[in-house]
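Keep the sequence and the 3D view open as you read.

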Amino acid sequence: MNYVILILGFILLIKGADFFVDGAAAIAKKIGIPAVIIGLTIVSLGTSAPELAVSVMSSIRENNEITMGNVLGSNIFNTIAVLGATAIVAPLIIEKKTIKKDLFVNLTATLLLYALAFLKIFGSENTLTRFDGFILISLCIIYIVYLIYSVKQNNKESIEKDIAMEAAVESQKINLSNKILIAIVGVLGIIFGGKLVVDSATNIAYNIGLSEKLVGLTIVAIGTSLPELVTSLVAAKKGENEIALGNILGSNTFNILLILGLASFISPMAISSALITDLLFLIFITLLVAGLIFANKKEVKILSKPEGLMLIFIYIGYTIFIIMRN
């Protein structure tokens with residue numbers, strides 16, 4: 001039965017992501033919001049819902065290794081596996097100017113997590129306290145406010161462009177209420193499908209004797225990241241490159257600031273010192289992706305299939321390492 005539920009979950013995820021990307025892209029065009037902002041906010045929050053549900057429930061039950069492992073594993077999977085797979089499906093055209101600040105925010109949030117979790121700040125070494133959670137949630141609110149402000153600035157700039165005029169004409173053909181309904185149906189499919197996948201995959205994993213830490217870093221992390229994977233793949237295939245990359249960066253940032261913030265605020269989290277390796281690896285691959293994007297001075301970076309394959313192989317190597325470590 002677990003395997004049947006797993007397949008059903010995959011079907012819901014795929015169709016839900018398809019509806020969600022269509023709805024979100026259409027809404028962005030209709031109301032004049034840049035696609036990258038939609039990817040960084042609405043799409044990112046929607047696809048992070050499974051991680052939020054799993055992490056909060058795990059925190060309430062004091063399964064701290066699943067909570068922390070879920071977030072670290074999800075962010076690692078997003079950064080190299082999702083980005084790599086997306087680049088393989090369709091080479092990603094990345095405008096450096098639009099993504100620079102968001103990549104910086106993502107790296108800063110990751111470094112802050114390292115400082116709060118594993119350095120003796122506020123007397124909380126190897127622990128995320130309620131005060132740490134408060135800090136992360138506060139920064140999440142500030143980040144959302146910043147995104148709203150950047151939308152306004154981008155809209156002012158776009159008014160001066162002929163492209164914006166063409167987009168405005170095209171948006172008249174969009175039925176906003178229908179697209180909102182489609183996006184909502186997509187979110188529900190993503191959330192419910194993600195839950196089915198996580199529950200069934202976790203049951204399968206426990207039945208074959210995996211540890212909580214490994215389950216969090218692999219099965220649960222990959223399961224809860226399937227919405228990001230499917231949404232980014234669908235967005236890339238449809239040519240919505242900014243939604244694809246914005247979804248990955250936004251999800252990673254919200255996973256740390258919102259999900260770990262809420263989880264640790266609900267119940268202080270004692271963190272296994274073994275997870276420091278995984279967090280340092282996350283920092284390394286974030287810097288690696290930044291290096292790939294900003295390696296030259298061109299305004300646009302095309303993330304190619306060979307680079308996508310390289311990222312996939314790095315993830316496979318990491319997975320082999322943590323399985324052997326377990």
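Which residue in β4 does leucine 92 stand opposite? It is leucine 303.

Before going on, a word on where this comes from. This is a predicted model, so local features need pLDDT of at least 70 and side-chain atom pairs count only at pLDDT 80 or more, while totals for chains, interfaces and linings use all residues. Residues are numbered from 1 along each chain as its sequence is written, and side-chain values use heavy atoms, leaving out hydrogens and water.

pLDDT is the predictor's confidence in each residue, from 0 to 100. Its mean over the chain is 79, and 81% of the residues reach 70 or more. Take care with residues 158-169: pLDDT stays under 50 there, and the model gives that stretch 3 contacts beyond four places in sequence (a contact means heavy atoms within 4.5 Å).

**A pair of strands**

Back to the strands. Helices (H or I, at least four residues) and strands (E, at least two) are DSSP runs, numbered from the N terminus. Strand β1 covers residues 92-95 and β4 covers residues 300-303; they run antiparallel, joined by 4 bridges (strands pair if DSSP finds at least two bridges between them). On β1, Leu92 and Ile94 make up the covered face, with Ile93 and Glu95 on the uncovered one. On β4, the covered face has Lys301 and Leu303, and the uncovered face has Val300 and Ile302.

**Rings that meet**

Now for the aromatics. Rings of Phe, Tyr and Trp (its six-membered ring) pair if their centres lie within 6.5 Å; planes under 30 degrees apart count as stacked, over 60 as edge-to-face and the rest as tilted. The structure holds 8 such pairs. Here are two stacked ones:

| Pair | Centre to centre | Angle between planes |
|---|---|---|
| Phe131 and Phe134 | 6.4 Å | 25 degrees |
| Phe281 and Tyr318 | 4.7 Å | 5 degrees |

Phe131 and Phe134 sit 3 residues apart in helix α6 (residues 130-158), so about one helical turn separates them. For exposure, buried means under 20% relative accessible area, exposed over 50%, and partly exposed in between (1.4 Å probe, protein chains only). Phe131 is partly exposed at 43%, and Phe134 is partly exposed at 48%.

The other pair links two helices: Phe281 lies in α11 (residues 275-293) and Tyr318 in α12 (residues 305-325), so the pair ties together parts 37 residues apart in sequence. Phe281 counts as buried at 17%, and Tyr318 is buried at 5%. Ring pairs also link Phe77, Phe281, Phe284, Tyr315 and Tyr318 into a cluster.

Helix α8 (residues 176-207) has 32 residues and spans 46 Å from first C-alpha to last, close to the 46 Å expected at 1.5 Å a residue (that is, 1.5 Å times one less than the number of residues). Just after α8, Gly209 takes a positive phi of about 85 degrees.

Last stop: Thr218, found in helix α9 (residues 212-237). Thr218 is buried, with a relative accessible area of 9%. Its side chain reaches the backbone oxygen of Leu214 at 2.4 Å. Leaving aside residues up to four places away in sequence, Thr218 touches Gly223 and Ile322.

Definitions and conventions. A polar contact is a pair of N or O atoms within 3.5 Å; within protein, one must be able to donate a hydrogen and the other to accept it, and residues adjacent in sequence count only if both atoms are side-chain atoms.
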